[in-house]
Structures are given as C-alpha cells and as structure tokens.
Amino acid sequence: MPFRPAFSRCFSWDIRNTVGNIPMEWYKDYPHIGYDLDGKKIFKPIRNKDELDEFLDKMENPDYWRTIHDKMTGTDVCLSDEQVDLVHRLQQGKFGDVNFNEYEPAIDFFSNEVMIHPVTNRPADKRSFIPSLIEKEKVGKLVHAIKMGWIKPRRPKETAPQYYDLWAKEDPNAILGRHKMHIPAPKMRLPGHEESYNPPPEYLLTDEERQVWEQQDPDERKLSFLPQKYLSLRAVPAFSRFIQERFERCLDLYLCPRQRKMRVNVNPEDLIPKLPRPRDLQPFPTLQSLVYHGHSSLIRSISISPSGQWLVSGSDDCTVRFWEVCTTRCLKTMEVGGPVKSVAWNPAPSISLVAVSYGENVILVNPGLGDRLICSATDQLISSYEEPEEVKDQQVQWAVPEGKAQEQGQRLILTHPKAVKQVSWHGRGDYLACVMPDDGSSLQVVIHQVSRRRTQNPFHRNKGAVQCVSFHPSRPYFLVATQRYVRVYNLIKQELTKKLMANCKWISSMAVHPGGDNVICGSYDCRLAWFDLDLSTKPYKVLRHHKKALRGVAYHKHYPLFASGSDDGTVIVCHGMVYNDLLQNPLIVPVKVLKGHIITHDLGVLDVAFHPTQPWVFSSGADGTVRLFT
Amino acid sequence: MSQLQARFFTDNKKYVIDDVPFSIPAVSEITDLSNVINKLLEGKNGDHKHVEFDFLVQGQFLRSSLATHLETENISTEEVVEIEYVEKYTAPQPEECIMHDDWISSVEADSEWILTGSYDKTARIWSLEGKAVATVAGHTDVVKGVAWVKRDGLSSLLLTASLDQTVLLWEWSSERNKLRARHCCRGHAGSVDTISVDPTRSKFCSGSWDKMLKIWSAEMSEESNRPRKKQKTEQLGPTRTPLMTLSGHTEAVSSVLWMDTEELCSASWDHTIRLWDAETGSQKNMLTGSKVFNCISYSPLCHRLATGSTDRHVRLWDPRSKDGSLVLLSLTSHTGWVTAVRWSPSHEQQLISGSLDNLVKLWDTRSCKAPLYDLAAHEDKVLCADWTDCGLILSGGADNKLYTYRYSACLSDAGA
C-alpha cells in the first residue's frame, strides 16, 4: 500500500466520486476514474496533452502556476486568488481565516482580587467544619496497621555525608608504594652560553645564520631564540616569550605520558628448551675412523649391504666400487657406461642384488659378496624368468647382458627413455622405483618388478618435477617428493593419502623412519624438515644447522639417530627418538657435527648412509672419498 | 718440596742395594734415578757396568719427574716412597721386512715358519729369515685367517680360512715342500674371519660373519676309505662338516680363541665377549662392552683378556668375573681402531697391539698411559700381529709388508 499523506483526506474529498480515499493509480488502466452517487461511471476527461503541450502551456499560460491537477476527477483546476492566498497563509503557519485574531485581550475572571459582590452567596456547609468520619475511619485503619506492624513507618533519612576517604582502606605501606611509583618530571635543560646576556662571540649568529634561522620553521630551529649580546645585565629587556615558554613547559609535563618501563627479567637459559645432554644420548658417531680411497671423482651415492659387511659406492668417474667396511679394502671395481647417479643395495637379506643407475640405464648387479648360496639363488631367480606368452609393449627395455658384463656380475640392464636420477628398493626386494625427473611429464616415476620383469607407471600425471621417491617400510605407501611437497600415495587404494608441505624451496632428499610414522626431508635451502605423519602435514620441526644446501639425509634402522650431509662438508648427526606413546612428540637433539670431507668444486658431502647394525655413519663426498664415522 | 725420602728395592738379585731410605730431589727423572742406582752399585761392586733402569712407584711406571708422578697418582710425599727398579726393557730389534703381493690379513708363526694369509687369495709360508717357502693357493677369495695345527717331524698341518666361507686343512711337508689340501670344511654361511686351534691340537674353532662359531675336528681322516675316483674330482679334499655349532652372537664373530681345552672365548660385533663350554657347547659367561670388538687375546700367565675395539683403546678384562663385566684397565695411546692385540707368551704384563693408525705398540700393563715402545714401521693400516714363544713379534698390514722384530724382555736375557 503506498502511503498517502493525511491531509489529502480532508482536502480533496470530492463527493462526486464515490471510490473513497484510494490511490487513484488503481484506475490508471481504466477509461473511468470512479463512480458518482448514482453508481454511474465517471469517465476520465479527455486529455491529449503531451510533454510538448505541457511545456508550451507552461511557457504561455499566465495561470499555469496556479493550475493543479485534481487526481480524483482527473481535471485541471485553476485556483482563485483567495485559494492561493489561503495556501500561502497555511504555508506560513498562519490561521486560515484572515479575520481570526489570535491575540485578543484575555479577561481574567478568577483573579486574586476579592470582589465586592461574591459570585455565590451560599453559607458554608456543616460538613466543612465538623470532622470527617470517613477520614477518621481511614486514619484508624492506618494506625491499626502500624500498630500491628503491617506498615513500617518511613525510615529516617540518613544524614551521613556523601563523600568518603579514598585512601582509607589503603595500608600505610601501600601509600609508600604509591610514592615509590612516583616518576619525576623530566628535568629542563640548564641554560648554556648561548642563553647568556653576554655570550662569547662564537655563539652569536652571523647574518647568514640569522637569515637561515628566520627562514626555518619554528619546529626545525636548533635554538628557539636568537642569542643576543648586551653590554650589561641592566640593559637586558624583559623576556617576551616568558608566558609562552611556561605554557609550553606545562604542556610538556601534562601531555607527555610518563610511565615506568616494565622490564621483564628472564634468564636467557630458561628460554632454551630442556634437552638432554648429548653425552647422555650415546652411542652416536663422534670420530672419523676410516676413509675409503679409490674413486677419482665425486661419489654421488653410497649404500650398505643389509648384513653391514659391504659398502657400494657410485661415482662420477663411471665406476662402481664394492668395499669391505671394516678394512676399507676395495674388493671389486666395476666400470659402467656413464657417471653413476645412484646405487641401492637390495634390502632383502635373501637377495644379493645392487641397483646402479647411470645415464638412462639401470643395471642390476649381483656383487657376489656374502653368502654363496644367496648369490647363486639370486642368479637362478633372475635366469629362471620365462617370457610371458603375450609380450606387452613396455616403456622400459629389459635386457640380459652378455660376455664381460655378465662376468662382472651385471644381470639385467633396464633402458629407460630418460636419464634416471634415483633408484629405490621396496623392503621386500622385488620392486624397484626409478626417478626420471622431468617437470610436468607424465613419465617421471616407474616401478619395476624384478621377478616378472614388468614395468609400470603408477602415475598418469605428475605435478612438478619429482626429486626422489621412497617406499614406506611397513605399509603399502609410496612417497614422492617434488620440489616443494611430499605426496604420500596409497598403492592399494591408488589414491593420494597425504600431502606434506615442506616449507622449503627445493627438496633434495628424503628418508622414512623405520617405524614408518616420520619422514625427514633435506632441502637445497639448508633446511631439514621432520614430519610427523600422524601430527600434521606441516613440519613438526625444521632444523637449520647446515650452512649450505643439504644433499643427503638418512635414518638409522635401530638406533634413534638421523644424519644429514651438506655442501658445507659436514655431516650433522641428530638424536631423533620416536616414542611408542602417541601423545609424546619425537625428541630431536642435534648431537654431533662431523667434519672431514674436503670441499671440492663447492660440493661437500653428497650422500649419507647408516650402518645397519652399528651406530656408524658413512658419508660420500665430492673429494672422491667415502668416510666412516664411529 | 725439593727433596723427598725414597727407598729402592728390586727383585733382581744381581742389582740389590742396601735397604736404606735416600733423600733424592723431587724433580729427578728416570735417568737421574738410574744414575743414582748405578753409582750405588759401583760403590758396592767395583766391576759393575752401567745399566739403564726403569722405576715403578706402587706398580706404575715412572714416566715423568718423580714429583709430578706422585702428584698425579695421589701418593703422599710425607712418608718414605717405595720405588722398585727393574732393568730397562730394550727396544724390539727390527729383523725382516717381508714383501707380499697384497694386503696381509693374518699371520701366525711357530718356532720355524711364518704363515701369512693375504688378500691375494693365498696364504704363504716363510722361513723366519724372510725366505718364501711355499704358497698355499686354493681359496677362491681373500684369506682371512691362518693357523698352524701341529708339526710331526717334517710334515705340518695348517689351516686357512677365507671369505669364500670355507676353512681348508692343508698338509705340508717341509722336506719336499709339498702342499696338499686334505680337507675342506664347509658349513659357514658367511666369510670365515677367524680360526683358533685348541691346546690339544685335535680340534679347531672358526668364527664367521654368519654369527656362528663352529668346532671342527683337526684330525686327519683315513685315506684308504676314500675311493680314488672321488679324490680327483675333489681337489680340495673331502668335505668336512662341523662337530658342533655354537650360536648366540647376534652379530658377526670377529675373533675366537681357546682359553684352555674346555673353554672357548669369542668376541663379536654385537659388543659382547662370550665364554663357551667347548664340550657341551653352552654359553658360560658374557662380558658386555660398548663397542664392536675387533680382536681378543688371552694370557694364561695373568688370566686376563685383552681386546681391541673400534675405538682407540686396548681394554683388559677378567674373564672369571661373574659380577658385572668391568674393564680392568684401558691402555690408551692409539689414534685409530685397534685391529690386533696379542699377549706376550712369556711375560705376564706385556702385550702388543696393532692399529689402523699404522702403529704397533708394545705395552706394559703397569704403564697404561704410554706404551713401552712404538713400532712405527708400517706405512698403512696394521691388520694383524703375532708374538711367538721364541720372542719374535710379527705384524702385517695394508702396506703389503710383514715386519718381524726380535724382542727379549731384558738385556741380560738377550744372550740366553
């Protein structure tokens, strides 16, 4: 309902139209405008005025200004002079009637003046001078109620003063305390030579300085006055800025907030978290014990046999060397066709195989070390393979080497379409994952099954360049580290389980805790991030102990140790205790910085690996040596 | 404190002096004290020749000035200090340097011949003068351990253990210089690192990387039982199986020895030394250390075990102790892993140790901070050492050289 102004009801009431006080827009689409007293339709007057006519009318008609549109009848009404005058009066807030005088003289009938002739001359009633029975009854009731205690007489007004002693409840010491908190006003600077009435001449300003002083803003001036020289104190005039200066001083005292600075006295040692002393966390590697010399170029990768008796190292001098751990004796040297990027000893104790990656090839080598039975069983396992009837077209060629390579121990050669950077075995020893980093390509990670000589590409699409991969030690998970994230895939359900955010620029290496719930990542921006998979996808702890990029990280299989190797030539060993209690967070204590590698071509330690049974750590470096720290 | 009261005494009847306290300067060192004793002896005995002495205060060798020694050992200088003096041990005299083709992994010598095992997959027999006598070739991998079994006139029995998981028993006749493999002992599933022959020379024990100890018979079997045909096919002799297997170690066995005819002792990478009953094969005692044991040696003279670990200490143990396994003494002077220790067969307080820091050290247990002598001849890691009954010290290492030293405890014994 549109709102109608109230005055329209009394103003434009036209009895000719019986529709009542309604918005006339309702009849907008009808030819009539309402009904008259007889119930006949009142038709709208024919109006053919358009905008132009309206405009011309406005320009030419001298009475246009007093013409109004009557909505009820739809006609134009030209107001008379009296009506216009009435409108003006009402607009001015005057009475409508011209003849009405609102200021007529008032006649006071009931005044204080006693008239000679009273208005009435009746004698006073009797009841006006005898006591009232009704009142007596009412008073009696009140008296009875007060006697019975039903009504309490009004309490006497308290005459206690309204002000009180603000400090009455304060004990005297507190008053002293208030005085202790007294902060003295800042002292004014004492007047110097320039304020003197007879300053030394060097304090007097030269003409140029005076000009500069005058041009400066009062705020910028060094001195708020001009030093002046007088012959005697007697000649000094009154200080014209005295009042202003006092005022400014008062403003300073009043407006400048004064507060005592609360200094927190914290013992800096209390801020350091309570960590056990490294001495109590023995055993861990502390000393360089053995150096394995032999390679002529940087050693990219090392791996220890599951028994802990042998060590394999792959170097840029295109050789793979097998070492006896306890004597540093090189038992075997194998030349391959390119710089060796990665070596990995099969973790299964019943298989004697080493995966070596160089260029686009991965070769599986039977080193022939350790138990003869296991070596021959491994050879048999590989040679017993039978070609399946339907040969699938695979992206990776499996070939059996012949001649000298076979004699050297090479058993299978896998030729990939791209250069292989890393190889990683599954704990059971049948599956081998290879990484071919290539940003955005769909073929970056392949998983080989050695016993069936099958290759599968687990991912249709890889986000980012894959840096390294790892199998989970106990569950069917597969960890893929790209430059910034580590993705944990469930191989059985074939889905992404977790995505760990490493908070670093470029992940270089990754290791999974043998318990399976923790992962460490080394990155090229000097950080080592420890993830607790149960806790969060963000790092539980980030260690920034290395000065240069991390190249390798490793967990120990049994001891609560992990190590990281870096380009600054050091290996940092940390105690990383993981508790069975889910509520207790892992305890991480850096325990030892191991130095020994010589930095060559700005590269220090390239790979670290722990001995499977002893608390020993091996590191391989750009100086062509492998070092054992015990 | 410039002077202190000292009384000198000795067990050697030849050098006895009067049992009276002397006032000697506190700063005096071994040479000063030695001069004092020599002066006294000259005074007593006109034809006395100058002898260098070593001095012991409460069983510890004096290696610094008397005052500092007493201060570090916390001995009161108020009372008369009892100082024992003994004739100074002479340095071992280097004799031979025997070149090998490859690293020497093990050595054992008897009174006439030296047997060495090498990384070139052979063992070699040398005369004490360093002349190559025979090459024992038959293993397909590095020879890790060697041992003489016994000598019957001109023919000897010897053992070689190898990385190829076998132990070979050889018969060698020194007259015709003919070698024949008599038995091939198979059974280990890892490299056989150590062998030891029992005192009766009828059995031997081998320790292997497969965590097992195996006891084998060292007797020769009857040849007539063997068909002639089979002999040709088996060049290394008939296969022999172990009499007994001792299992208990959780890591590789690095060293094994017989303490007497019934008791075996083994040291392992699992940080333990275990004592076994050789008759029943049961474990009798266990000593626990904190580091991997590389080598072990037992002295029947002082009933102590000496071990070398993957740190720089030589530790002495008492194998009889039941109440906890405490280290009696650590001898610390090496800077690398100790790979070989050997007690002196004749002196109850002396032993040698070889280390990866290229040094062989001669120790007296009365001086645990400093060895008696450093034998610094090797240019690379020392891997093995031996000390024969006739006073010959041998050491071999990664510089392919076997050094021999003649050592007699005292000058006076040298002629004898």
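A disulfide is a pair of cysteine sulfur atoms within 2.5 Å. In this predicted model, local features need pLDDT of at least 70 and side-chain atom pairs count only at pLDDT 80 or more, while totals for chains, interfaces and linings use all residues. Residues are numbered from 1 along each chain as its sequence is written, chains are lettered from A and ligands numbered from 1 in the order in which they are written, and side-chain values use heavy atoms, leaving out hydrogens and water.

Over all chains, a search of the whole structure finds zero disulfides. The sulfur of A:Cys318 lies 16 Å from that of A:Cys330, the closest cysteine sulfur, which is too far for a bond. For A:Cys521, the closest cysteine sulfur is in A:Cys468, at 6.9 Å, again too far.

Now to the interface. In chain B, 22 residues are in contact (heavy atoms within 4.5 Å) with 22 residues of chain A. The buried area, which is the accessible area (1.4 Å probe) that two parts lose on being put together, summed over both, is about 1,900 Å² between these chains, and carbon and sulfur atoms give 55% of this area. B:Trp209, B:Trp269 and B:Trp337 supply 31% of what chain B buries against chain A, more than any other three residues.

Charged groups also meet here. The interface of chains B and A has three salt bridges, each a side-chain nitrogen of Lys or Arg within 4 Å of a carboxyl oxygen of Asp or Glu. B:Asp141 forms a salt bridge with A:Arg372, with the closest N and O atoms 3.0 Å apart.
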